[in-house]
Amino acid sequence: MDKLYWLDQIKLQDRAKVGDKAFYLSKIMQRGYPVVPGFVVSAEILRQFLENLNSSESLVADLPHSSLHLDVANWRQLQQVAGRLRQEILTATVPQQWVSTIFQAAKEWQTSCLILRPTLSISNTAPGIKNISGLLESVFCQCEPEAIAWALKRTWSQIFRARSLLYWQRAGINLQQINLAVLVQPVENAIASGLLKANSSGWEIEATWGLGIAIALGEVQPDIYYIQQATGVVLEQQLGNKMLAYGVNDAAPEAFSQPTPNSVLAPDHIFLSTYVLQEAQQEQYALQEEYLQQIIALGTQLVSELGKTFTIKWTIAQQTTSNKLYITQVSSPQSVIPYGQFIRGLGAAGGRVVATALVINNSQHKPEQLPKDVILVVPTITPDWLPLLHQVAGIITEQGGLTSHAAILARELRITAVVNATSATTLIQTGERLLLDGDRGEVYRIKGDSKEEMEKEREEKLLSPHQPNPKAPYPTFTSHLPMIATQLLVNLSQSSLIEQVQSFPVDGVGLLRSELMVLNILDGQHPNTWILGGRQAELLELWSEQIRQFARAFAPRPVFYRSLDWRSQDLPSLSDNLGSPPQSMLGERGTFSYLRNPAVFELELQALANVQQAGYTNVNLLLPFVRTVEEFVFCRRKVEQALLTEVSQFQLWMMAEVPSVLFLLPEYVKAGAAGISIGTNDLTQLLLGVDREQGQLAKVFNERHPAVMGAIAQLIQMAQSAGIPCSICGQAPALYPEIIDKLVEWGITSISVEPEALERTYQAIARAEQRLILAAARRRIH
């Protein structure tokens, strides 16, 4: 046994070795979710075990190469073959080195009981394979070498049970296609356990006292909670019939006695104790309100990872210091193209789409135009690609994280996208049909079919039960919305989206991204080129009209226009030969670039002045990436020279994204900053030293990191002390709605998110404010 595969270290290429159950659980764990720790004994170990079975029986000797196909209609023969195969496995010897490796790893948990979960993947699966999660069962055992060896064999032997052989036969699966690994995890006593079943129509939570095996064995009727997915509100709850519960049997015998292979009793239950609940406890719900809300919050977060349809098993472990909610299993609908090739990345913009791939191997060679409705496959995307993206059906990039330019552009344009799909331009060829799943971050190659009608029908079936077309309108708000005190703003850049968004219950535009807005009017040329070419007046009129559209649509609500924040490498096709070296992560961006070349900034200020002169007084200026107070003062003077401050409603704000603002904010306020907007994307990468364009560092780029959350809390507190408003406009609140609880608690003035996140952000703000009101009321009562 070369290695064990720990859940927190499993990679995409390990999927066949560790099985689907462990693979998906590992992905959830690596995204920061609470998962019971564990390691996987790979499928390769079972193959080695079967090849080394020492038997004179031809059936067993040929086992590693057997088709496992027999006359399943002859039930007597089926039972005999199944019994002989399982007996061979259960009486064989597991190599001592394997057992020792597993035992030594499990000892780290200091637990007396283990659970071995079969985790299966089927290679080259034919269409029609059903969900096989219930075919194989978990096995409990004592954390001792002999017990581990027996439990391992018992888990492996299940693929040769009569019902398993029947299934393999009817599904046309050979043994060579079966990859059975074993996930080993510690078992702790639990206060309660159960399931969360999520789908688009609503959620259902099942709960019982103790370990979840009582539900799996059908020995209890669990409590059931019906949850409204959009709001997290409990619509109805039903008390179950829970007479007994399971726990870890600490009094289990120290010496393991191996049962006979034909034993009828399940040996794994020796290490669990069953106890009858007192009548008073039977009449109580297993979940306290605190734990129920934790499970609902966890489910809300998982929607962004797994889509709207999934099931998780959970347990509330009884620990020495405090009880903790853990995920023990996660499953979502089977891959919709099990017969296609699979590529995994990060789901950057939701939806599913089937289309033809267009592969461009060099991002620097941007074409003049793209065919309509293709899935663009490219190493990376810079902002200057935006004019081309309006007509593509999907985007796949090899690089980039959830806050990369590709991800941000895709979300605003409602284009299904997967980023950080390693080697995508090598694995995919132009002209191939792909299914792109932006919810799960997966790409499938659809194999060709000789009949065009069958191919069309198959694609329609693939799309129909899932997400709507990714370019459909944004989700509409429910008619009865709770009132919220925290302002909800929207991030925009494309005037084409104004009509859809302006009627939403938002308090204005919290971030108008100028650098993306103007790409649609620049005709592929840098603004400096227009100015030097004598076309300044023409550009000024176009620029003014762009801003005027947003001011007109949202008046009297405020629009915060963020002035240009470009790095030279973000706009390789618009180079003005004045940019920083391409390898620079930061470049001469933000207000520093205005000092070096003020002409474009002055043009922006004149455009804002034109909008004011047209009668719109709701546009404010947001300065990007301010490094020093001197830079801010320089910009403020330019603003004053442009006479923008002559309009009393005008406000000059700055982005709080360079960490020095944590020390200099009082100085910025003295210099004239009327408000700040926290940019979590840049703040996170600068605090943690991680380039947000590097998707392979997604685990490190964590906006929920204590350092980032501490900085946000400090900025809000400092703004309150200075008497200025504090907004937040990075991706963090949209990607991680649980952050909103803290933002509201700390006193954030407003939260600005992408249009697609508006509804869930509104609901999250409402829930957070209601919890604060409830907590305050309880304090008054007590």
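The model is predicted. Strand S20, residues 433-437, is mostly covered, since four of its five residues are buried. Strand S16 (residues 352-359) runs antiparallel to S20, and five bridges join the two. In this pairing Val354 stands opposite Leu435 of S20. S20 also pairs in the antiparallel sense with strand S21 (residues 442-446), over five bridges, and here Leu436 stands opposite Val443 of S21. The hairpin of S20 and S21 has four residues between the strands, and Gly441 takes a positive phi near 70° in it.

Helix H12, residues 405-413, holds Glu412. This residue is buried, with a relative accessible area of 2%. The side chain of Glu412 reaches the backbone nitrogen of Ser493 at 2.5 Å.

A barrel is closed by eight strands with parallel pairing, in the order S22-S23-S24-S25-S26-S27-S28-S29. On average, neighbouring strands of this sheet are turned by 30° against each other, direction ignored.

| Helix | Strands touched | Angle between directions |
|---|---|---|
| H20 (residues 599-613) | S24 (559-562) and S25 (619-623) | about 160° with S25 |
| H24 (residues 706-722) | S26, S27 and S28 (726-728) | about 170° with S27 |

Key. Residues are numbered from 1 along each chain as its sequence is written. This is a predicted model: local features need pLDDT of at least 70, side-chain atom pairs count only at pLDDT 80 or more; totals for chains, interfaces and linings use all residues. Side-chain values use heavy atoms; hydrogens and water are left out. Buried means under 20% relative accessible area, exposed over 50%, partly exposed in between (1.4 Å probe, protein chains only). Two strands pair if DSSP finds at least two bridges between them. A polar contact is a pair of N or O atoms within 3.5 Å; within protein, one must be able to donate a hydrogen and the other to accept it, and residues adjacent in sequence count only if both atoms are side-chain atoms. Axes are lines fitted to C-alpha atoms, for helices over the stretch in contact, and angles run from 0 to 180 degrees between N-to-C directions. Contact means heavy atoms within 4.5 Å.
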